[in-house]
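Student: I'd like to learn how to read aromatic contacts in a model. Could you walk me through them?

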Amino acid sequence: MIKVFRKIRYDLMEKNKTRKYFKYAIGEIVLVVVGILIALQINNWNENRKLKGAEIKLLQNFRTSIETDTITLNYYINEFSIIEKKINRIARYIEEDLAYSGDSLQFAHATATWWVNIDQEIFATVTSGDLNNISNDVLKKEIISYYSYASGKFDTSIKNYEDYIHEYGVRNILNTRFTSFAYSPSGGQNQSVPNNWEALKKDKEYRYFLKTQQSYFFWYVKLPLDEAKEKADQLLGSISKELKKFDKK
């Protein structure tokens with residue numbers, strides 16, 4: 001096409017048709033500019049399509065990971081609710097000065113701990129550039145907030161409870177007041193027997209440990225688990241809603 005315009009220009013120059021020459025020259029320039037703009041538009045379209053694909057893939061990966069988190073959180077919410085009942089049962093027996101009822105008190109299970117954590121692997125491998133692919137700024141902040149909570153308050157809270165039970169409870173309180181102290185989750189065996197139940201009920205240090213355990217359990221286990229579950233459910237809803245928008249485009 002450009003060669004055709006060039007031939008026409010030469011013919012017009014030879015025939016001294018200056019006005020028409022300039023019209024064709026301008027037309028040739030316009031054609032080149034339009035061609036460049038079309039090429040840029042196609043390139044931008046391809047780039048946007050790649051970024052959209054990367055964003056969808058990233059959101060799908062986040063959704064899969066958080067769905068696993070909700071399963072894990074539900075499991076431990078259930079397990080710790082059982083432990084909470086056992087803690088409260090022991091406290092009630094002591095407060096009401098009830099007779100020792102053997103394995104029904106399940107002392108070992110009442111102090112069982114698990115290192116509960118939210119899977120942070122996917123977020124750890126994501127770069128700031130990857131996060132910038134997420135076009136919804138509100139959703140991006142929600143994702144960052146969720147994983148900041150997981151690696152900060154949540155992990156710290158669970159560790160605080162675990163440290164209290166093992167570093168203070170087992171080493172300083174339980175090991176001197178029970179003949180043995182072990183719990184087998186697989187077999188459900190409670191192997192913890194108080195040396196002297198009547199003395200234990202009046203033991204101020206043990207009673208303090210138990211009261212503090214109840215408080216720690218609420219603030220460092222129950223509340224963080226409920227908060228994490230709420231955040232996970234909310235984020236899952238936000239991600240699913242965003243992915244549906246892409247389906248409509």
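Tutor: Let's go through the ring contacts here. This is a predicted model, in which local features need pLDDT of at least 70 and side-chain atom pairs count only at pLDDT 80 or more, while totals for chains, interfaces and linings use all residues. Residues are numbered from 1 along each chain as its sequence is written, and side-chain values use heavy atoms, with hydrogens and water left out.

Student: How many aromatic pairs does a search of the whole structure find?

Tutor: Rings of Phe, Tyr and Trp (its six-membered ring) pair if their centres lie within 6.5 Å; planes under 30 degrees apart are stacked, over 60 edge-to-face, the rest tilted. The search of the whole structure gives 19 pairs. Y100 and W197 form a tilted pair, because their planes are at 45°, with ring centres 5.7 Å apart.

Student: What kind of pair do Y161 and F217 make?

Tutor: Their planes stand at 80°, so the pair is edge-to-face, with centres 5.8 Å apart. Both Y161 and F217 are buried.

Student: Which residues form one aromatic cluster?

Tutor: Y100 and W197 belong to it, together with F107, Y164, Y168, F178, Y206, F209, Y216 and Y220.

Student: Which charged end sits over the ring of Y149?

Tutor: For this, NZ of Lys or CZ of Arg must be within 6 Å of the ring centre and within 35 degrees of the ring normal. Here K231 places its charged end over Y149, 5.1 Å from the ring centre.

Key: Buried < 20%, exposed > 50% of the residue type's maximum accessible area, 1.4 Å probe, protein only.
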